[in-house]
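Subject: Structure handover and notes

Hello,

Please find the structure below. My notes on it follow, with the cut-offs given where each term comes up.

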Amino acid sequence: MSGAVHYPFTAIVGMDDLRLGLLLNAVSPAVGGVLVRGEKGTAKSTAVRALAALMPDVEVVAGCRFSCAPGAPDPGCPDGPHEDTPGTARPTRMVELPVGASEDRLVGALDIERALADGVKAFEPGLLADAHRGVLYVDEVNLLHDHLVDLLLDAAAMGASYVEREGVSVRHAARFLLVGTMNPEEGELRPQLLDRFGLTVEVAASREPELRVEVVRRRLAYDDDPAGFAARWADEEAALRERIVAARALLPSVVLGDAALRQIAATCAAFEVDGMRADIVMARTATALAAWAGRTDVREEDVRQAALLALPHRRRRNPFDAPGLDEDKLDETLEQFGGHDEPDPDPDGGPGGPDDGPDGPDGGPGGGGGIPPQGQGPEAEPPHTNEPGASDASRESQTPEPSAAPGPRSGAGEQSPVAAAEPFRTRMLSVPGLGDGAAGRRSRARTEHGRTTGARRPRGTLSKLHLPATVQAAAPHQRARGRSGPGLVVRRDDLRQAVREGREGNLVLFVVDASGSMAARRRMSAVKGAVLSLLLDAYQRRDKVGLVTFRGRDAEVVLPPTSSVDAAATRLEQLPTGGRTPLAAGLLKAHDVLRVERLRDPSRRPLLVVVTDGRATGVRGEDAVGLAARAARLHAADGTAGVVVDCESGPVRLGLAGRLAGELGGSAVTLDELRADSIAGLVRDVQAGTGTRTGTNRRAA
């Protein structure tokens, strides 16, 4: 079956940085894993699965669910102790963590009923236990819930997983090669989580026709005959596997000299990365690069390559910063702090790689341990280079294109885009009531994490025990159950699930007036700065965002709802202004967007943010203001929480934005009131509805 035969790692065309990052982690898992960022369809998953098949077999204790090594078993293994237990060899596992996995599936589950009734720690291992001494692969890691990412990265950093439930604790070893992939179009990881990945690589499809032809040719050959294709690459796979084993054996002998350490420290300081993790990761990566090259000394080219892999994702200061590294500045820093440690006189010291040739064990140009062997297989690819700038240039093409038709035409009144003003910290806006959406930081919701507000009978597997309620349910039945000792006799019907309240993420849909009434450059700059501030707030609160603009004759969806806040910021920056003010068209377009999103994700509650001065114009004889009011009432009838950011300025104000807010069932706030410091940091409720029209009170706080 084709599913049983993985695509060969050595048959992957191009993707030099990706292959190198994966191989360095295979040589030294202490590097801390690799995050692969790139557009869809760039062989990210294929490369990870191919690496797992390439890894050497591991010796494990027979029957141990936690993959203990026979010679050095984990003394705290839940299946232990393992004394004189025979070992057995098995292939390295690649465990996949699905985006929708629960916490119990990741870390394991305790049988609370048996723990309370019998005092037995009945533990069912999770994916972290399965991945011990193997590869843990997280596809679309940016879509994983934050608390799961925290658990995952904590285990990767400590080499162990801890499971605690109501005072019952289990610990087991969890050391694995962590690989995460993500498409930046679908949202970024928080900088705190980015920092926990050792290395990051950017991948993009080649724009060279010959390389693309070779990719297709090899893929079609594999699909037609997976076993035969793999057999043709067996020699290259075996050679690369031997090189990994040799580099692992050489790694303890590699010397990281003072000169290399000075370069590492100077580089991290020059690029102003936070904390010391970058220095440590660079040191481990440079050492792994030297071992991969078959050397026992770390050289400047190793430090340079380590910086290119370990620093770009650590330089982001906010979600609108693109990862990257100034290579000219890097070279200047390395030259300035270049040391005088004498290199190993034998450039081939240590076991050489299986692909030693004219280019030496480095495997070709690029330095720093080079890239895995390519171009030597039965279907050798054309010569190519992996240009560092390619990923940056292609990132512009990764942002999702608007689904709407070409934008509204505003005629001669259109003005070129203006830069946004400096963003600021905004006041809290939230959807009223209690939701059930995805975990976030905006509105109140029933969640798996948060403060306990009550108890209920469990539906399905018990995940969070409410101990007082469980004891209260079991206590009246102790005599009937024949209790004779100090223990409490607990039955499954007694168990109670804790009900918790936390925060959810919402869909924040921006409707921005880009008409001529907003076209004064200072005014539009302030408006863009306000929207940019709200986008930053949405990023921090784990919201999805969408952007609708209106000007000229119509409205358009500039950005459909997405988790990629930086994509919204890019579209906002490019927004031109001018023309009429079709306010009703903007509100109707927003209504269509929200209608579709309710069908796609009914649990995610929307928050409508209309940025306008309230003016509305239309064709001759058309009641533009009346049409806008009718469109606003559609949102109010749907129960959509809304707020109008009033952009009107000057000594004479018409108050149209306030009237629009009333029709929406929301409230109007000025640009100044939007600032958190303008209300001394207090969070106040903004009335979003009255009971007279809909029978309910809705608020956007």
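The protein has 23 helices and 22 strands, where helices (H or I, at least four residues) and strands (E, at least two) are DSSP runs numbered from the N terminus. This is a predicted model, in which local features need pLDDT of at least 70 and side-chain atom pairs count only at pLDDT 80 or more, while totals for chains, interfaces and linings use all residues. Residues are numbered from 1 along each chain as its sequence is written, and side-chain values use heavy atoms, with hydrogens and water left out.

Overall figures

Of the 701 residues, 52% count as buried; buried means under 20% relative accessible area, exposed over 50%, and partly exposed in between (1.4 Å probe, protein chains only). The protein exposes about 31300 Å², with carbon and sulfur atoms supplying 50% of that area. Accessible areas come from the Shrake-Rupley method with a 1.4 Å probe, and for residues only the protein chains shown count as cover. Among contacts (heavy atoms within 4.5 Å) with a separation of 6 or more, 80% are between residues 24 or more positions apart.

Second largest pocket

The second largest pocket has a volume of about 940 Å³. Of its 37 lining residues, L144, H145, D146, A438 and A439 are the closest to its centre. Two or more lining residues come from each of α6 (146-158), β12 (439-447), β14 (497-504) and α17 (521-540), and β12 gives the largest share, five residues. By class, the lining has 11 nonpolar, 12 polar and 14 charged residues. Here Ala, Val, Leu, Ile, Met, Phe, Trp, Tyr, Cys and Pro count as nonpolar, Asp, Glu, Lys and Arg as charged, and the others, Gly among them, as polar.

For the method: on a 1 Å grid over the protein atoms alone, a pocket is an open set of points where a 1.4 Å probe fits, with protein on both sides within 12 Å along at least five of seven lines, and lining residues have an atom within 4 Å of a point. Grid points are joined across faces, edges and corners, and a volume is the space filled by probe spheres set on the points.

Helix α21

In helix α21 (residues 656-664), the buried residues are L656, A657, L660, A661 and L664. These residues lie on the same side of α21 because they cover an arc of only 140° around the axis, the arc being that of the directions from the helix axis to the C-beta atoms. G665 follows α21 and has a positive phi, near 75°.

Most residues other than glycine have a negative phi. R133 has a positive phi near 70°; R133 sits in the loop between α5 (127-131) and β7 (135-138) and is partly exposed, at 26% relative accessible area. E272 also has a positive phi, about 55°. Its place is the loop between α11 (258-270) and α12 (277-292), and E272 counts as exposed because its relative accessibility is 57%.

E59, in strand β2 (residues 58-61), is partly exposed at 42%. Beyond four places in sequence, E59 touches C68, A69, P70, G87, T88, A89 and R133.

A11 lies in the segment before α1 (16-27) and is buried, at 0% relative accessibility. Leaving aside neighbours within four places, A11 is in contact with R218, F229 and W233. A11 and R232 are 221 residues apart in sequence, yet 9.7 Å apart in space, C-alpha to C-alpha.

Regards
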